[in-house]
Amino acid sequence: GKKSGDRAGSQECSLSPGPLLGGRSEANTQTAGSVVLLLQAALPCCLFGKSDFHLVLKGGTNATMAPQIDYTLQVFKPIAEKFGVCFDCNIKRRGFFPRGGGEIVVDVPPLSHLKAVTLVERGDVIKVTGRAFVAGKLPSKIADRMKAAAVEVLKEKHPKIPVDVVIVKETAATSVGDGTGIILVAETSSGCLLASSQL
């Protein structure tokens with residue numbers, strides 16, 4: 001392929017893609033820009049490559065105005081697999097605003113075609129799982145409070161539905177900077193996954 005205008009300060013760029021050959025690619029936002037948005041842009045192309053893609057994506061894993069990496073792994077990935085879309089995603093390090101510094105490694109095998117699926121019935125919620133986390137200098141009690149508030153609201157409105165929210169204290173080896181957040185995923189009787197998250 002050919003590209004032009006891909007430099008700092010450019011007001012115009014163009015890309016004429018060539019064949020999708022596979023191989024290793026790396027992208028680094030050098031900010032807390034979302035690695036998930038990078039993945040969303042790359043994944044459709046990777047699916048129809050001639051060989052496996054190995055992506056190294058760096059930036060924010062849990063960023064505002066973008067899906068959290070947890071949503072991608074717990075909701076998007078299982079639903080995409082119903083269509084035959086398979087990929088492995090390994091979180092090397094989490095990164096948060098403003099520093100970023102997160103890294104995910106994604107391996108995508110080629111796909112010959114997508115599967116047709118029928119997903120028209122939401123079904124009834126049968127369980128809710130979640131993850132409340134803190135990283136950096138933030139105390140674990142913040143995650144405790146997030147979990148307690150979420151469980152209290154869910155149990156008040158839906159007392160018969162099991163709720164399991166784990167608390168995670170990220171270490172310096174697993175994250176860069178301070179961050180906190182929660183994701184809740186509801187699984188339904190028809191196999192739907194519904195989620196909400198907050199940083």
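What covers the buried residues of helix H2? Before getting there, a word on what you're looking at. This is a predicted model, where local features need pLDDT of at least 70 and side-chain atom pairs count only at pLDDT 80 or more, while totals for chains, interfaces and linings use all residues. Residues are numbered from 1 along each chain as its sequence is written, and side-chain values use heavy atoms, with hydrogens and water left out.

Let's start with the whole chain. It holds 3 helices and 11 strands; these are DSSP runs numbered from the N terminus, with helices being H or I of at least four residues and strands E of at least two. The C-alpha trace spans about 55 × 45 × 30 Å along its principal axes. Of the 199 residues, 34% are buried, where buried means under 20% relative accessible area, exposed over 50%, and partly exposed in between (1.4 Å probe, protein chains only).

Now find H2, which runs over residues 69–82. Its 14 residues reach 19 Å from the first C-alpha to the last, close to the expected 20 Å, a figure that comes from 1.5 Å times one less than the number of residues. Look for a kink of about 40 degrees at Phe76, shortly before the proline Pro78; the bend is the angle between axes fitted to the seven residues ending there and the seven starting there. Just after the helix, Gly84 takes a positive phi of about 90 degrees.

Which way is covered? Ile69, Asp70, Thr72, Val75, Lys77 and Ala80 are buried in H2. Back to the opening question: their cover includes helix H1 (35–47) along with strands E5 (88–95), E6 (102–108), E7 (125–135), E10 (179–188) and E11 (193–198). Contact here means heavy atoms within 4.5 Å.

Next, hop over to Leu20, in the loop between strand E2 (14–16) and strand E3 (23–28). Leu20 is partly exposed, because its relative accessible area is 33%.

Gly1 sits in the segment before strand E1 (2–4), and it counts as exposed because its relative accessibility is 86%. Gly1 and Leu20 are 19 residues apart along the chain, and their C-alpha atoms are separated by 9.4 Å. Setting aside neighbours within four places in sequence, Gly1 is in contact with Ser16, Pro17 and Gly18.
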